[in-house]
Structures are given as structure tokens and as C-alpha cells.
Amino acid sequence: MSFPSATIRGDGFVLRPLSHADVDDITAACQDAQTLEWLPLPRPYERRHAEGFVGEIAPAAQESGRGIVFAVEVDERVHGCIDLKATNWLSGTTEIGYWVAPWGRGRGLAGRATRLLAEWALLEHGLERVVVRAATGNLPSQRAAESAGFVSEGVARNAGFVHSGRVDLVIYSLVRDDLRL
Ligand SMILES: CC(C)(COP(=O)(O)OP(=O)(O)OC[C@H]1O[C@@H](n2cnc3c(N)ncnc32)[C@H](O)[C@@H]1OP(=O)(O)O)[C@@H](O)C(=O)NCCC(=O)NCCS
């Protein structure tokens, strides 16, 4: 099982496959201090890392069935990235990760993209449970998950790592039944 390439239209944004033309914007976004604070990306983040992400890492994730990566596009420019990962087709579970570029922040884009992608996974691909994990110190990410309608299940201690060390993670989920409420 694997996710098919897709373009998913949201309100004021589109989730679409990454393209080589996004490399410069991805490089700039992943050099941002807040992004590097909360994501264990290569540091310093160089253009070759974005090239590898677009050309190798994202395609490999999709081919393996583990997930799929989308650009979050607004006004024909990539404003962020969102992906499904750690998908287990047998148990019907998957996880969403995201970042929003500095030029896209402040308008709730991560929460809106998360809701759209979670509904795509639950309603169109037969999955049962979508998870978001956010460090206890990462309040914007927690708010994004909450605004997407995800429910906090508690804190997984020492479950994540960032450049500064180990972090506790708030576990959020959206399950298929939540969409019926
Ligand atoms: C997390 C992230 C994707 C959110 O981006 P965004 O969608 O543009 O988020 P916004 O700036 O619109 O803020 C989302 C919410 O957090 C709130 N928020 C923003 N900064 C905050 C802060 N420092 N403290 C508390 N709340 C904050 C906003 O008020 C907003 O709340 P609302 O929905 O109630 O209005 C973005 O900050 C980012 O890319 N961070 C770095 C990478 C990262 O952390 N990825 C997630 C890893 S789990």
C-alpha cells in the first residue's frame, strides 16, 4: 500500500507534490531559527539538503508506503511543507508533520493544512487514526494541532529529540469517529 500523488485543494491554499523549483524556498525556510529549534534538520541547512529532500527523501517515503510529502502552496509560492509519515497500513495509523516558512506564518496555515490532510487520510485512504506530536515547549505547533480539531491524549516523556536535546511530546490524535461528530 502507498499513497498516490495528489493535489488537494484547501481554502486559500493547495497541497501539491514538491518540485525542484521549490528548492530555494525550502532552503530558506529550513534555515529559519524557529524551524531549526523544533525540527532535527541538518544544521547548517544547505541547498544540497533541500535538493536531497525533494529529489530523494520525499520520493523514497512515498515509494515505501511510509508516507507522502506535500508543499503547502499559497499564491503560487511554497509557504510550508506537510507530510504523512510512519504510516502503518495494517493498524490503520499515520502521523502528520509540518513546518511553515517565516513568510507564511501567522494565518493558521499549519492547522488548516493538517485538517485537510488528515481528512484525506481518514476518508480517502481508509486510515483510522492520525497523530501529531509536538514538543511541550512548542506552543505554536500545539495550537496548530488543536485548531485542526486534534485531541490531546497526554505527554510522551522523553519521546523526541531536537538540536538542544531530548523533549517531551504532547500526543494529539484525530480518529475517524471524530469526523462524524
Ligand atoms: C508550528 C508552525 C508550523 C505553526 O505555523 P502557523 O500555522 O503559521 O501558525 P500561526 O503563526 O498561525 O500560529 C498558530 C497558533 O499558535 C499561536 N501562537 C503563535 N506563536 C505563539 C507563541 N509563541 N506562544 C503561544 N501561541 C502562539 C497563534 O496565536 C495561533 O493560535 P490560534 O490558532 O489560536 O490563533 C510554525 O510555527 C513552524 O513552522 N514552526 C517551526 C517548525 C515546527 O515547529 N514544526 C512542528 C513540529 S511538531
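At 4% relative accessibility, Ser-173 counts as buried. Buried means under 20% relative accessible area, exposed over 50%, and partly exposed in between (1.4 Å probe, protein chains only). Ser-173 lies in strand β8. Its side chain makes a polar contact with the side chain of Glu-153, at 2.7 Å. A polar contact is a pair of N or O atoms within 3.5 Å; within protein, one must be able to donate a hydrogen and the other to accept it, and residues adjacent in sequence count only if both atoms are side-chain atoms.

## Basis of the model

This is a predicted model, where local features need pLDDT of at least 70 and side-chain atom pairs count only at pLDDT 80 or more, while totals for chains, interfaces and linings use all residues. Residues are numbered from 1 along each chain as its sequence is written, and side-chain values use heavy atoms, with hydrogens and water left out.

Helices (H or I, at least four residues) and strands (E, at least two) are DSSP runs, numbered from the N terminus.

## The ligand shell

A polar side-chain atom of Asn-138 is 2.7 Å from a ligand oxygen. A backbone N or O atom of Val-100 is 2.8 Å from a ligand oxygen. For a backbone N or O atom of Arg-107, the distance to a ligand oxygen is 3.3 Å. The protein covers 69% of the 960 Å² of accessible area that the ligand has on its own. Accessible areas come from the Shrake-Rupley method with a 1.4 Å probe; for residues, only the protein chains shown count as cover.

## The nonpolar core

In soluble globular proteins, nonpolar side chains tend to be buried together. A nonpolar core is a set of buried Ala, Val, Leu, Ile, Met, Phe, Trp, Tyr and Cys residues joined through side-chain atoms within 4.5 Å. The largest one here has 33 residues. Leu-15, Phe-70, Ile-82, Ile-96, Leu-117, Trp-120 and Phe-150 touch the most other members. At least two residues each come from β3 (68–74), β4 (77–88), β5, α4, β6 (129–135), α5 and β8 (165–175). Helix α4 gives the most, with 9 residues.

Leu-15 lies in strand β2 (residues 14–16). Leu-15 is buried, at a relative accessible area of 0%. Its C-alpha atom is separated by 27 Å from that of Pro-44, 29 residues apart along the chain.

## Cysteines

How many disulfides are there? The count comes to 0, with a disulfide defined as a pair of cysteine sulfur atoms within 2.5 Å. The sulfur of Cys-30 has its closest cysteine sulfur in Cys-81, at 7.3 Å, so the pair is too far apart for a bond. Cys-30 is buried, with a relative accessible area of 2%. Cys-81 is buried too, at 5%.

## Backbone exceptions

Most residues other than glycine have a negative phi, and most peptide bonds are trans. The bond from Arg-43 to Pro-44 is cis, with omega near 5°. Pro-44 sits in the loop between α2 and α3 (47–64).

Asp-75 has phi near 50°, a positive value in a residue other than glycine. It is found in the loop between β3 and β4. Asp-75 is exposed, at 72% relative accessibility. Asn-158 also has a positive phi, near 60°. Asn-158 belongs to strand β7 (residues 151–162) and is partly exposed at 45%. Ala-159 is in strand β7 as well, and it is partly exposed at 31%.
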